[in-house]
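Have the sequence and the coordinates open side by side as you read.

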Amino acid sequence: MRIIMLGPPGAGKGTQSKTLASELNLPHISTGDILRKNVAEDSELGRQAKDFMIKGALVPDELVTSMLLKRFAQPDTKAGFILDGYPRNLSQAKMLDSMLVQMHMEIDLVAYLDTSEAVIIQRLSGRLVCSKCQANFHATNMPPKQDMICDNCGAGLYQRPDDKEETIRKRLQVYEQDSTPVIKYYEARGKLFRVNADGSARSVLDKIIDRIKAYHDSLEV
Ligand code: AMP
């Protein structure tokens, strides 16, 4: 099963993708996580991507796409994946299709997480991320047991530099501009379903899982 998670920053794509991936036993591929790891390791890719990321701008398509191609070449993606953070614009959606065609694969479903701007700002400005395992917490909605320490691995938590309110607004602007054609692209192919993502993480996940089950059942008829 190959699923894309779409939605504005702060819609809960990361949280939903991680849980969904573990429930479906599929790898979670987050382009943002891979880029942040490269920045932390100060790799060549990380150095090229860093300035774009800090400003809340998109990293050039060629860099992200070749990074993704390498990830798809790993054997754990054979059974499928949950793709989070890609495609961000129409040209990436088309590049993804050509990558998949070469691998004789196609996307099964695209989940679009619909969220209001007020919820987005509240979620992102309080988000805390583990510096080691990338687990997500929230200063008020989901605080860690110990202040600024990851419940899962004990490493320190930090606020992403692009989660400052000013940068959040910039990211939302970029998102608005680029995402509409992507949504239309998958809608036209009958792949996209919308989920209201303002509710609790579990209720949103349940809605997504219901849609996946319905899709699965339709394949068996
Ligand atoms: P995310 O964790 O998905 O919010 O991504 C964080 C940042 O990484 C974005 O603001 C971009 O700078 C960069 N990024 C992640 N995915 C992509 C992508 N598909 N194309 C370009 N830039 C990306």
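## Before we start

A residue is called buried when its relative accessible area is under 20%, exposed when it is over 50%, and partly exposed in between, using a 1.4 Å probe and protein chains only. By that rule, Asp 163 is buried, with a relative accessibility of 0%.

This is a predicted model, in which local features need pLDDT of at least 70 and side-chain atom pairs count only at pLDDT 80 or more, while totals for chains, interfaces and linings use all residues. Residues are numbered from 1 along each chain as its sequence is written, and side-chain values use heavy atoms, with hydrogens and water left out.

## Around the ligand

Let us begin with the ligand. It has 16 residues around it, and those that come nearest are Thr 31, Arg 36, Ala 57, Gly 85 and Gln 92; a residue counts as near if one of its heavy atoms lies within 4 Å of the molecule. By class, the shell holds 7 nonpolar, 4 polar and 5 charged residues. Here Ala, Val, Leu, Ile, Met, Phe, Trp, Tyr, Cys and Pro count as nonpolar, Asp, Glu, Lys and Arg as charged, and the others, Gly among them, as polar. Helix H2 (residues 31–40) supplies the largest share of this shell, with 4 residues. Helices (H or I, at least four residues) and strands (E, at least two) are DSSP runs, numbered from the N terminus.

Asp 61 sits in helix H4 (residues 61–72). This residue is buried yet has no salt bridge, and the nearest side chain of opposite charge, Arg 88, is 9.1 Å away. For charges, Lys and Arg count as positive and Asp and Glu as negative, with His and the chain ends not counted. A salt bridge is a side-chain nitrogen of Lys or Arg within 4 Å of a carboxyl oxygen of Asp or Glu.

What the side chain of Asp 61 does have is a polar contact with the side chain of Ser 91, at 2.7 Å. A polar contact is a pair of N or O atoms within 3.5 Å; within protein, one must be able to donate a hydrogen and the other to accept it, and residues adjacent in sequence count only if both atoms are side-chain atoms.

## Salt bridges, partly exposed and buried

The whole structure has 16 salt bridges. Arg 47 takes part in one with Asp 42, with the closest N and O atoms 3.6 Å apart, and in another with Glu 44, at 3.3 Å. Glu 44 and Arg 47 are 3 residues apart in helix H3 (residues 44–55), so about one helical turn separates them. Arg 47 is partly exposed at 46% relative accessible area, Asp 42 is partly exposed at 46%, and Glu 44 is partly exposed at 47%.

Now return to Asp 163, whose salt bridge with Arg 127 brings the closest N and O atoms to 2.8 Å. The pair links distant parts of the chain, 36 residues apart: Asp 163 is in the loop between strand S7 (157–158) and helix H7 (165–188), and Arg 127 is in strand S5 (residues 127–130). Arg 127 is buried too, with a relative accessible area of 14%. Salt bridges with shared partners join Arg 127, Arg 160, Asp 162, Asp 163 and Arg 171 into one network.

## Backbone points to check

Most residues other than glycine have a negative phi, and most peptide bonds are trans. The peptide bond from Tyr 86 to Pro 87 is cis, with omega near 0 degrees, and Pro 87 lies in the loop between strand S3 (81–84) and helix H5 (90–102).

Gln 134, not a glycine, has a positive phi of about 70 degrees. Gln 134 is in the loop between S5 and strand S6 (136–138) and is buried, at 16% relative accessible area. Met 148 has a positive phi of about 60 degrees; this residue is in the loop between S6 and S7 and is partly exposed at 31%.
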